[in-house]
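Hi everyone, thanks for coming. Today I'd like to walk you through one protein model, from the whole chain down to single residues. Please have a look at it with me.

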Amino acid sequence: MPRLLVASALLLAVGGTLALSEVRWFSREPLVDRLRPYAPGQGGPRPGPSGVLSVASFRDVIGPLARQVGEAVAGMVGVSENLGTRLRRIHAPLDPTAFRVRQLAWSGAGLAGGTLLALATRPPAAVGLLFVLGGPLLAILLVEQQLASASERWKRRIFLELPVVSEQVGMLLGAGYSLGAALNRVATRGTGACARDLADVTGRVRQGLSEVDALREWAAVADVEALTRLVAVLALNREAGDLGRLVADEAKAIRREVQRELIAQIERRSQQVWIPVTVATLVPGALLLAVPFIEALRLFSTT
């Protein structure tokens with residue numbers, strides 16, 4: 001009888017905990033989740049209530065392990081840039097922990113796929129071990145490569161859009177706009193990557209940062225050398241008397257840099273065109289030279 005009472009009390013305690021965890025009065029949303037929408041780069045949907053058996057609770061448990069595994073694999077392949085910076089650069093709705101948890105989930109799918117492939121094909125032990133271990137590693141690397149590619153594409157878009165954006169800012173400053181008003185106008189009227197980043201810059205200004213500090217924060221996240229130079233010029237807002245002319249000169253320098261890179265890219269592609277032409281020319285020529293050479297060898301060998 002006492003054992004039955006103890007078991008009943010334990011079941012009642014577990015059931016009461018699970019039931020009360022779904023009641024809002026007992027499971028109040030944490031302060032971090034309530035402040036998340038107002039943090040820079042965290043404008044995604046707010047997470048749902050975190051019960052004892054919810055997805056958020058599972059993420060809190062598995063998150064530290066996922067981050068350690070992901071960072072270890074990223075360090076092995078030479079990725080040293082901070083994950084939070086890359087996610088913030090591409091405006092991803094995920095935080096680093098959520099990204100690593102998703103990456104770990106894909107590695108689990110890769111482990112299951114590699115194991116099934118090894119069981120289906122029954123290869124030698126070494127090959128089977130390669131399937132089992134290579135599946136999760138390949139899944140982690142694929143997710144990491146997708147993030148790296150997205151980060152490089154965003155940096156490339158900023159670099160290509162920067163001449164036009166800097167010229168617009170220079171014209172607005174020359175027309176009498178303040179720096180904050182010029183940035184806000186470009187952010188609201190534009191649709192590209194720079195406009196999206198400038199919207200975050202103006203948001204940071206509304207949170208209390210100065211225009212120069214918000215621009216420096218953007219330059220640090222974007223990691224584009226031309227943007228760093230432009231922000232250094234815009235930082236002279238309260239010191240230079242003709243800031244619009246200085247920004248226009250920097251815009252011309254950025255445009256020349258973009259043109260030089262495009263010309264170099266065109267030259268590389270023009271050189272790549274000759275590769276199939278050269279192969280198509282050398283292969284028939286080699287065959288034409290090989291036929292008489294082989295025939296001469298046959299004649300000499302018979303005599």
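Let's start with the whole chain. It has 303 residues, and 29% of them are buried; buried means under 20% relative accessible area, exposed means over 50%, and partly exposed is in between, with a 1.4 Å probe and protein chains only. Before we go on, please keep in mind that this is a predicted model, where local features need pLDDT of at least 70, side-chain atom pairs count only at pLDDT 80 or more, and totals for chains, interfaces and linings use all residues. Residues are numbered from 1 along each chain as its sequence is written, and side-chain values use heavy atoms, with hydrogens and water left out.

How many helices and strands are there in the protein chain? There are eleven helices and zero strands. Helices (H or I, at least four residues) and strands (E, at least two) are DSSP runs, numbered from the N terminus.

Now for contacts, which means heavy atoms within 4.5 Å. Take the contacts in the chain with a separation of 6 or more: 62% of them are between residues 24 or more positions apart. As for the surface, the chain exposes about 19600 Å², and carbon and sulfur atoms supply 65% of that. Those areas come from the Shrake-Rupley method with a 1.4 Å probe; for residues, only the protein chains shown count as cover.

Let's go inside. A nonpolar core is a set of buried Ala, Val, Leu, Ile, Met, Phe, Trp, Tyr and Cys residues joined through side-chain atoms within 4.5 Å. The largest one here has 43 residues, and those touching the most other members are Ile-158, Leu-173, Leu-198, Leu-215, Trp-218, Leu-227 and Leu-234. Several helices supply at least two residues each to this core, including helix 4 (83-89), helix 5 (96-121), helix 6 (125-174) and helix 11 (243-302). Which helix gives the most to this core? That is helix 6, with eleven residues.

Let's zoom in on Leu-173. Setting aside residues up to four places away in sequence, Leu-173 touches Ser-178, Leu-179, Ala-182, Leu-234, Leu-243, Gly-244 and Val-247.

Next, empty space. Rolling a probe the size of a water molecule over the atoms shows where empty space is left. On a 1 Å grid over the protein atoms alone, a cavity is a set of points where a 1.4 Å probe fits but cannot get out, and lining residues have an atom within 4 Å of a point. Grid points are joined across faces, edges and corners, and a volume is the space filled by probe spheres set on the points.

A search of the whole structure finds two cavities of 30 Å³ or more. Among the residues lining the largest cavity are Leu-162, Ser-166, Leu-198, Trp-218 and Leu-234. Helix 6, helix 9 and helix 10 each supply at least two residues of this lining. By class, the lining has eleven nonpolar residues, one polar and no charged. Here Ala, Val, Leu, Ile, Met, Phe, Trp, Tyr, Cys and Pro count as nonpolar, Asp, Glu, Lys and Arg as charged, and the others, Gly among them, as polar.

The second largest cavity has a volume of about 30 Å³. Its lining is Ala-66, Val-69, Gly-70, Arg-100, Gln-103, Leu-104 and Ile-140. That makes four nonpolar, two polar and one charged by class.

To finish, a few single residues. Is Leu-87 buried or exposed? Leu-87, found in helix 4, has a relative accessible area of 4%, so it counts as buried. Leaving aside neighbours within four places in sequence, Leu-87 is in contact with Ala-92, Leu-94, Asp-95, Pro-96, Phe-99 and Leu-147. Leu-147 is 60 residues apart from Leu-87 along the chain, yet their C-alpha atoms are separated by 7.9 Å.

Ala-139 sits in helix 6 and is buried, at 12% relative accessibility.

Last, the loops. In the loop between helix 4 and helix 5 we find His-91, which has a positive phi of about 60 degrees although it is not a glycine. Asp-223 lies in the loop between helix 9 and helix 10, and its phi is also positive, near 60 degrees. At 43% relative accessibility, Asp-223 is partly exposed.

Technical notes: On a 1 Å grid over the protein atoms alone, a cavity is a set of points where a 1.4 Å probe fits but cannot get out, and a pocket is an open set with protein on both sides within 12 Å along at least five of seven lines; lining residues have an atom within 4 Å of a point.
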